[in-house]
2 protein chains.
Amino acid sequence: MQARYFAIRDYPRGMPPRELFELHSQTLPELGEDEVRIRNTWLSVDPYMRGRMSGMRTYIAPFELDAPLEGAAIGEVIESRHSRFKSGDKVRHMAGWRDIAQLKGDVLEPLPDMEVPEQAYLGVLGMPGMTAWTGLNRIANLREGDNVLVSAASGAVGSLAVQLAKATGGTVVGIAGAADKLEWLEEHDIRAVSYRNKDARQLSADLEEACPEGFDVYFENVGGACLEAALNRLKVGARIAVCGFISRYNDEAQQQGPGNLSNLLIKRARMQGFIVFDHWTEYPHFLEEVGPRVAQGEIDYEETIEEGLERTPDAFLKLFEGANRGKMLVRL
Amino acid sequence: MQARYFAIRDYPRGMPPRELFELHSQTLPELGEDEVRIRNTWLSVDPYMRGRMSGMRTYIAPFELDAPLEGAAIGEVIESRHSRFKSGDKVRHMAGWRDIAQLKGDVLEPLPDMEVPEQAYLGVLGMPGMTAWTGLNRIANLREGDNVLVSAASGAVGSLAVQLAKATGGTVVGIAGAADKLEWLEEHDIRAVSYRNKDARQLSADLEEACPEGFDVYFENVGGACLEAALNRLKVGARIAVCGFISRYNDEAQQQGPGNLSNLLIKRARMQGFIVFDHWTEYPHFLEEVGPRVAQGEIDYEETIEEGLERTPDAFLKLFEGANRGKMLVRL
């Protein structure tokens, strides 16, 4: 059986060019013992993948050159030599960026049985959703009535973070760019602040207007001026959960950082980085808490969908243009 | 009775000039009810005082212009209308920068009864010592075997931090400048690294050589290149206790910060600012733990002493030249 997959030939500097991603074809070998063959139906593209293209080990190994790229995917079992799986089973796994995956059965997760579309397990009930929940609850220790600020607030992670915060917290403010994103936030009763064409000083002023008392929690996805402005608007005892710095992932040289870290001292604040994979043993807990709310329509989630395997690199690159609303997905 | 005190007429920008500090004289009124008159014997000068000269409220109100400056001091009661104090009692209080203080008795602390020189209660057993202990134990959660990095490691706070860390931790590295400070560190079995004439990259390389495995804890007193280098050398799960950024206190304009905060993410590290005064209820606990070790000579502490009230501003300004070893004091 033929499988097609994307690979990269080089580790790019700066914004990866579209041509970096090459579509390959291979003939899959016969299934080995305990192996399962899956026809992927949905692929995830996520900002963290840029880090795996750097050629350096961060918290995760870099992608191997000329080998199939990896990422979360949902698919249907089409052939199985593993006792736990049979044809037709829906599964989640990490062999994305390809149409047909062939894997040991023990790396597959059967999809939970909830009344949600299967691709939700790549987004609101997948890694991005779990990231929002972990950052708020396990890193920032969100408490009843806390004022919460979220950057990239209409993205896959941010859009769940603002809604979870809204259910617990006090004032919730989301930073986003495009008009439709700001509108989406306002529709969900989140105070929306645009970062467009603003330096940190102007953004600080706008955050002050949106929430004069300042923030107990900042959920950080962006870096740059967003971080600097947020540091200016912390309350005493504030917690910053650092999920990502998407504004910096394509920097060719190291840029300088915020000059106002002294606010951590003045406000006795805490800033803590986290990687959701460290907390994955809590996934069932997350699913139990958030899953029913998604199934009942209490939590809104958006998807931006590209069609066809060939569009996977385009979907990925759009993340850095802020072209997605909610979870960016590829439908095969 | 005449009292002399220092005041400032303006809030300075940049490094305060010596002329900023004016010596005034006043005739003290008769003692009011519950008041006590104290002849100060030792005055403390500390880096945090620069923040009170900024004219802006940080975590503490700015100094009032033309009014006596404040700071920790030790003195002897010479007259009392408070039932708890009598002439000859040794006390600690916050009415420093003057020779004679007149205060309500309830703001005075009697000196504890330990076999240490009285000025130790301004240093190793005072605010700086308590700061080192709090930062390591309450903020950075120092654990057995942790590798610990301390900047300004021969200062009032740092010199206790390295010794406390040494007693619990694994490898302890101290950053300092002058040769005699580096020597002091080496004599106490602390690996000493100089920051002089080094950018963050070179300092990172030297820290790597001193402790190849990286650091679990960073006790931050300095900022600038020290912080950037330390961020490059964190272990997974590291904790940074931010006590101060002395390298930045006299900046006239906001400088940029470290461009490598992404290490907080990669290393799932935490950076937390703290103010020792928030933790003062733990002072008896600190004293019980560290006091006997100081009395028994297990903890070494240095003092840099200026003689006479007139020299108080000079002592203060020397802090920013790194001219002190251990606690900077003024003896009256």
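User: In this predicted model, how many Å separate the centres of domain 1 of chain A and domain 2 of chain A, taken over C-alpha atoms?

Analyst: Chain A of the predicted model is divided into domain 1 (2-123 + 302-331) and domain 2 (127-277). Taken over C-alpha atoms, the centres of domain 1 of chain A and domain 2 of chain A are separated by 29 Å.

User: Which elements of chain A each supply at least two residues of the side of domain 1 of chain A that touches domain 2 of chain A?

Analyst: The contact between these domains takes 17 residues from domain 1 of chain A and 18 residues from domain 2 of chain A. By class, the side that domain 1 of chain A contributes has six nonpolar, six polar and five charged residues. The elements that each supply at least two residues of that side are helix 1 (49-52) and strand 15 of chain A.

User: What is the handedness of the β-α-β unit that strand 14 of chain A, helix 9 of chain A and strand 15 of chain A make?

Analyst: Strand 14 (residues 303-307) and strand 15 (residues 327-331) of chain A pair over five bridges in the parallel sense. Within this pairing, A:Thr304 stands opposite A:Met328 of strand 15 of chain A. Together with helix 9 (residues 312-318) of chain A, the two strands make a β-α-β unit that is right-handed.

User: Which residue of chain A has the C-alpha nearest the axis?

Analyst: Chain A is superposed on chain B by a rotation of 180 degrees with 0.0 Å of shift along the axis, at an RMSD of 0.0 Å. The two copies are therefore related as by a two-fold rotation axis. In chain A, the C-alpha nearest this axis, 2.2 Å from it, is that of A:Gly257.

User: Why do the copies meet through the same surface?

Analyst: In the contact between the chains, 28 residues of chain A meet 28 residues of chain B. Helix 7 (262-266) and strand 13 (270-273) of chain A each supply at least two residues of chain A's side, which divides into twelve nonpolar, eleven polar and five charged residues. The copies meet through the same surface because the share of interface residues of chain A that are also interface residues in chain B is 100%.

User: Which residue in strand 13 of chain B is the bridge partner of A:Gln272?

Analyst: Strand 13 of chain A pairs with strand 13 (residues 270-273) of chain B over three bridges, in the antiparallel sense. In strand 13 of chain B, the bridge partner of A:Gln272 is B:Arg270.

User: How many of the 13 residues of helix 2 of chain B are buried?

Analyst: The buried residues of helix 2 of chain B include B:Met127, B:Trp133 and B:Ile139. Among the elements of chain B that cover them are helix 3 (158-168), strand 12 (234-242) and helix 8 (283-295). Helix 2 (residues 127-139) of chain B is largely enclosed by the rest of the structure, because its buried residues number eleven.

User: Is A:Asn141 buried or partly exposed?

Analyst: A:Asn141 lies in the loop between helix 2 (127-139) and strand 8 (148-150) of chain A. Its phi is positive, about 50 degrees, although A:Asn141 is not a glycine. Because A:Asn141 has 14 C-beta neighbours inside 10 Å, it counts as partly exposed.

User: Is B:Asn197 buried or exposed?

Analyst: B:Asn197 lies in the loop between strand 10 (191-194) and helix 5 (200-210) of chain B. The phi of B:Asn197 is near 55 degrees, a positive value in a residue other than glycine. Because 7 other C-beta atoms lie within 10 Å, B:Asn197 is exposed.

How values were computed:
Residues numbered from 1 in each chain as written. Chains lettered and ligands numbered in written order. Predicted model: local features only at pLDDT ≥ 70, side-chain atom pairs only at ≥ 80, totals over all residues. Contact = placed C-beta atoms within 7 Å. Helix = DSSP H or I, 4+ residues; strand = E, 2+ residues; numbered from the N terminus. Nonpolar A, V, L, I, M, F, W, Y, C, P; charged D, E, K, R; others polar. Pairing = 2+ DSSP bridges. Right-handed = clockwise from strand over helix to strand, strands pointing away. Least-squares fit on C-alpha atoms with pLDDT ≥ 70 in both. Buried ≥ 20, exposed ≤ 12 C-beta atoms within 10 Å, placed from the backbone. Domains from an automatic or database assignment.
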